[in-house]
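Please read them with the structure open beside you.

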Amino acid sequence: MTISAYRLIDPLSPYIALKRHFALIVQMARRDVAGRYRGSFMGLFWSFVNPLLMLVIYTFVFGVVFKARWNRQETGHLAFALILFAGLNINTLFTECANRASTLIIDNTNFVKKVVFPLETLSWSVLGAALFHLLISTIALLVIELIAIGHIPWTIVIFPIVVVVFLPFVAGAIWLLASLGVFLRDIKQFIAIGTMALMFLAPIMYPMSMIPAQFRIWMYLNPLTVIALASQNVLVFGKLPVWWHLGLYALVSCLFAWAAFAWFERTKKGFADVL
Amino acid sequence: MSCEDTSIRVRGLGKRFEMYAQPADRLKQMILPKVQRLTGLHSHDYFKEFWAVHDVSFSVQRGETVGIIGRNGSGKSTLLQIICGTLHPTLGHVETNGRIAALLELGAGFNPEFTGRENVFLSGLLYGISESELRDRFQSIVEFADIGDFIDQPVKTYSSGMYVRLAFSIAAHVDADILIIDEALSVGDVIFTQKCMRYLRAFQSRGTLVFVSHDTAAVTNLCSRTIWLDGGRMMMDGPAKGVVEHYLATQHAADRAKMGESVAIPAIATRRDDSGTITAEPERSEAVDDGESSIPCDVIDPRLHALNGTAQRNLLQVFTFSPPGHARQFGAGAARITNVRLLDAHGTAHKVFAGGEVVDLVIETEALQRIEAPIVGFHVKDRLGQLLFGDNTYLTYHEHPLHVLPGQHLRVHFRFRMPILPNGDYSVDAAFAAGTQEDHTQQDWVYDALIFRATESTMRHGLVGIPMHSIEIEREGAAT
């Protein structure tokens, strides 16, 4: 099979890859989701139970033990856990993808050496599987919210926009880390530390207002900050996201995806020689 | 040649592997030399280079079947990977026309965690077949692979045979224009290999086949043309039989050279084409005609009439021994084969024999040096160079080996019942070796020492026919 090269100069090239191999990406992502729980007794049900159990643990540890309060308005143990959950879901999506990325090519050596495989689609299919898990977690969150608080804010309809803005960044991170992972096996260790740092240095476990004013601006350099804040706003607080933040993020996210895709395409010729 | 009819065109292909002490050096190599050049600093390479394929050029026409032979590490697999597009060439370029299906080494690009079923869909999508189309073909793919319930097990649990079955079955169902097969069939069992060969023979009529195997008999059997690679370079490109013969002779010479013996390989008649590749001359056996000049006068033909009258008239017309010097031969040269003749049971030479008759194959040799434990043998091959049968003196004499002194002659008789042969040209290779069955040096090997043509055969299937003592039908039971 011949795969014509992408015009890397085109900023849309990452999405052309998505469109061109959509059937393949869906197949891979579906297999990925199904494969994770294959052979387990409860199967896909774990996807739903996991986040619920996490939520219970958060509620106990942060709400009951630490008696943490997000701010003066938000009281109740569960409210804190829900806010935490809204931010952590975003972090989980990113961490899952980043961890898989470092060994993505090495784990699929067959696709590199034995067939002409559009390796760039692996990024999209990993993201697809992670998105599915985000969807399940979000549903779990909304169910708890409905039971505990009694209503769901209408702003949840904006949540898909928040996620879509986030996706190019994550896809780009996968391309970059996957490519580097082939040449630098150490990247795996770095990712473990890096994702941990990003989680603690984003307003996920504490509100932005707790950050000393002079550091606050630096928090926005963390790629998770804008998305986590927006996620908390639309899913729990019932507030609109800061639109210009999201707009700027979308722009940077797309530029990053483009650059990472171009990097991946340039370096992938060398994969077969290394593996 | 027009582009329309060319399936694969390879021009000046070279593949350099850069061998790095550690993977990070590779990343440095991708970035640092460019930076150093920009800044005017002297750049240095972080790798040792190894050329797996060097200056290879050829084209394959649509419908052609090309074999690629060579020792391990001669660049065969690298070349195929470049043609398939999984490796990128360092130099030169490859053009291919049409959909390529490839079976590289063991199995295709399966994901070991996926089940067979999932891999079928995955591979199919990679070949550009739509999902609905795949659902239609799925049953047929599973039937061809014949791996039973394993289709729903992860591929990592498969035996190598099952792996190849599934891979081959998929490749056979994707409407490929070009099929590339690398050593894949060697792990299948006999029944599956037969099935694959049947498929490949049918495929040959509509597509281009590139076939790599260490099984030189399979190569001569399947391929019209063969390319021989050695050390990443093209040694020969020509009709399969000639290339394989020369390859084997060279192998033998190289083998013995390691043990300090020299085996001369007189140059095959070759010519260089404009691209500099050596092309073997067309097969000599094809050039044989019925000209009287090639038949010596001591051959008499008293029985042609009688045979024509019988039912079993598988005529074997014998052409003569090619005099030394004209024949293609190789060997260390301590002895030479002076004559090869086919006689009847009474020792009379004939121009025509009948299949099923007892014949006496006589090989006459002359020793040029003292030789301990000589072995004289022969091969009978069909027009494709496929070995039909052969034998040698080793087992009969190994308890009490003869020795032969310079100037002495050995005349060896092989008396056997000639099988009935399908129509076509056959050749007899004669060989004189010294040593044992397992470890010997060819002193003189003459290709196509004797050529004969089978005509008027009623045999249509198989390689050789066995003379039947009798054929009977017994009918039992009363009619109702």
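1. Among the contacts in chain B between residues at least 6 apart in sequence, 74% join residues at least 24 apart. Please keep in mind throughout that this is a predicted model. Chain B contains eleven helices and 23 strands, and buried residues make up 39% of its 480 residues.

2. Of the 275 residues of chain A, 43% count as buried, and residues 24 or more positions apart account for 74% of the contacts in chain A with a separation of 6 or more.

3. In which order do the three strands of the open sheet in chain B lie? The order is 14-16-21, and the pairing between these strands of chain B is antiparallel. The edges are formed by strand 14 (335-344) and strand 21 (409-417) of chain B, each of which pairs on one side only, while the twist from one strand to the next averages 15 degrees. As background for a first reading, strands of a sheet pair through backbone hydrogen bonds, either parallel or antiparallel.

4. Within this sheet, strand 16 (residues 358-367) of chain B is joined to strand 21 of chain B by nine bridges, and these two strands run antiparallel. A place to look for the pairing is Glu366(B), which stands opposite His409(B) in strand 21 of chain B.

5. Still in chain B, helix 4 (residues 131-145) packs against helix 5 (residues 160-172) at an angle of about 135 degrees, with their axes 8 Å apart. Helix 4 and helix 5 of chain B are therefore oblique to each other, and their crossing is right-handed. Helix 4 of chain B brings Ile141(B), Phe144(B) and Ala145(B) to the contact, where they meet Arg165(B), Leu166(B), Ser169(B), Ile170(B) and Ala172(B) of helix 5 of chain B. The residues of this contact divide into six nonpolar, one polar and one charged.

6. Where the two chains touch, the contact takes 23 residues from chain A and 28 residues from chain B. On the side of chain A that touches chain B, helix 2 (22-36), helix 6 (109-113) and helix 13 (271-274) of chain A each supply at least two residues. The largest share of that side, five residues, comes from helix 2 of chain A.

7. How are helix 2 of chain A and helix 3 of chain B placed relative to each other? Helix 2 of chain A and helix 3 (residues 116-126) of chain B pack at an angle of about 160 degrees, with their axes 10 Å apart. Because angles over 145 degrees count as roughly antiparallel, helix 2 of chain A and helix 3 of chain B are therefore roughly antiparallel to each other, and the crossing between them is left-handed. The contact is made by Ala23(A), Leu24(A), Gln27(A) and Arg31(A) of helix 2 of chain A, together with Glu118(B), Phe121(B), Leu122(B) and Leu125(B) of helix 3 of chain B. The residues of this contact between the two helices divide into five nonpolar, one polar and two charged.

Methods. Residues numbered from 1 in each chain as written. Chains lettered and ligands numbered in written order. Predicted model: local features only at pLDDT ≥ 70, side-chain atom pairs only at ≥ 80, totals over all residues. Pairing = 2+ DSSP bridges. Helix = DSSP H or I, 4+ residues; strand = E, 2+ residues; numbered from the N terminus. Axes fitted to C-alpha atoms, helices over the stretch in contact; angles between N-to-C directions. Parallel < 35°, antiparallel > 145°, perpendicular 65-115°, else oblique. Left-handed = near helix turned anticlockwise from the far one by under 90°. Contact = placed C-beta atoms within 7 Å. Nonpolar A, V, L, I, M, F, W, Y, C, P; charged D, E, K, R; others polar. Buried ≥ 20, exposed ≤ 12 C-beta atoms within 10 Å, placed from the backbone.
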